[in-house]
Amino acid sequence: SSYYNTSAPKAELLIKMKDMQEQLEEQESEDELDIDLASKKQELIFSLAGKLEVLREARHSLQEDVEDNEALGREVEATVQRLCQPNQLDKFRMFVGDLDKVVSLRLSLSGRLARVENALYSLEEEAPPEEKRTLTEKRKLLMRQHEDAKELKENLDRRERLVSSIMESHLDAEDLDDYRYFVKMKSALIIEQRKLEDKIKLGEEQLKCLLDSLPL
């Protein structure tokens, strides 16, 4: 073998050069991985930015639907004011105002409860007991509040039946359809808005994480 005919200093140099070559190849392989990862992140960023744009357009469109439904609500209220007694108009106004509040409250509590439960289930075994205790207490409190909100919703449903019976007695078929559509869409649009806002918030957080993780 030519290696055995090589002088000791030259052999040492050849070994060092071989080691350097291997290190260089490893470094090149790592660099390729880094470049590939950065490229994948760029693709994700581009995709996520596109999805966020679509969601924001949907939010704008949904806001127009909300405004259209509120305009219909004002027409319904004017009809109720014209055809019903003042105390019946008050019942209608209170019901519509509370519908907004109760639906929003239940959505908010459900979201907060889900986040606390997720945090609790994600806790590692070695997590401080104090952290687990705090989250458990938060969950108990939110569950009680959620039950209270459920009772508010049941009370609201009873009032809706009362208001509906008043509307059925005083409104013609077309006005009654407008009232029912307005009430149904008011709840549906609040729920849809919350879902959309949550998706946009999540997308923005994911996009920020990806951008922060890119090399400068």
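A salt bridge is a side-chain nitrogen of Lys or Arg within 4 Å of a carboxyl oxygen of Asp or Glu. In this predicted model, Glu70, Asp100 and Lys186 are linked in a network of such bridges. Lys186 sits in helix 4, residues 173-213. Its relative accessibility is 7%, under the 20% limit, so Lys186 counts as buried. Contacts of Lys186 beyond four places in sequence are Asn69, Glu70, Val96, Leu99 and Asp100.

The whole structure contains 12 salt bridges. One of them joins the side chains of Arg56 and Glu204, at 2.9 Å from N to O. This pair links distant parts of the chain: Arg56 belongs to helix 1 and Glu204 to helix 4, 148 residues apart. Arg56 is partly exposed, at 32% relative accessibility. Glu204 is also partly exposed, at 36%.

Other pairs lie within a single helix. Lys101 and Asp98 form a salt bridge at 4.0 Å, N to O. The two are 3 residues apart in helix 2, so about one helical turn separates them. Lys101 is exposed, at 58% relative accessibility. In helix 4, Lys208 and Asp212 are 4 residues apart, again about one helical turn. Their side chains meet in a salt bridge of 2.9 Å, N to O. Both Lys208 and Asp212 are exposed.

Helix 2 covers residues 86-121. At 1.5 Å a residue, its 36 residues should span 52 Å, and the end C-alpha atoms are 52 Å apart, so the two values agree. Buried residues of helix 2 include Phe92, Phe95, Val96, Leu99 and Leu113.

The largest nonpolar core has 21 residues. Val80, Phe92, Phe95, Met167 and Tyr179 have the most contacts inside this core. Helix 1 (8-83), helix 2, helix 3 (129-170) and helix 4 each give two or more residues to it. Helix 2 gives the most, with 7 residues. Phe92 touches Val76, Glu77, Val80, Val163, Met167, Tyr179 and Phe182, leaving aside residues up to four places away in sequence. Apart from this core lies another, of 12 residues, among them Leu52, Val66, Leu196 and Leu214.

An unreviewed UniProt entry places a coiled-coil region at residues 10-72 and 132-162. In the model, residues 132-162 are 100% helix and 0% strand. The end C-alpha atoms of that span lie 45 Å apart.

The structure holds 0 disulfides. Cys84 is buried, at 10% relative accessibility. Cys209 is exposed, with a relative accessible area of 53%.

Note on methods. Residues numbered from 1 in each chain as written. Predicted model: local features only at pLDDT ≥ 70, side-chain atom pairs only at ≥ 80, totals over all residues. Heavy atoms only, no water. UniProt positions renumbered as here; feature names shortened; annotations may be inferred. Disulfide = S-S within 2.5 Å. Buried < 20%, exposed > 50% of the residue type's maximum accessible area, 1.4 Å probe, protein only. Contact = heavy atoms within 4.5 Å. Expected span 1.5 Å × (residues − 1). Core = buried A, V, L, I, M, F, W, Y, C linked by side-chain atoms within 4.5 Å.
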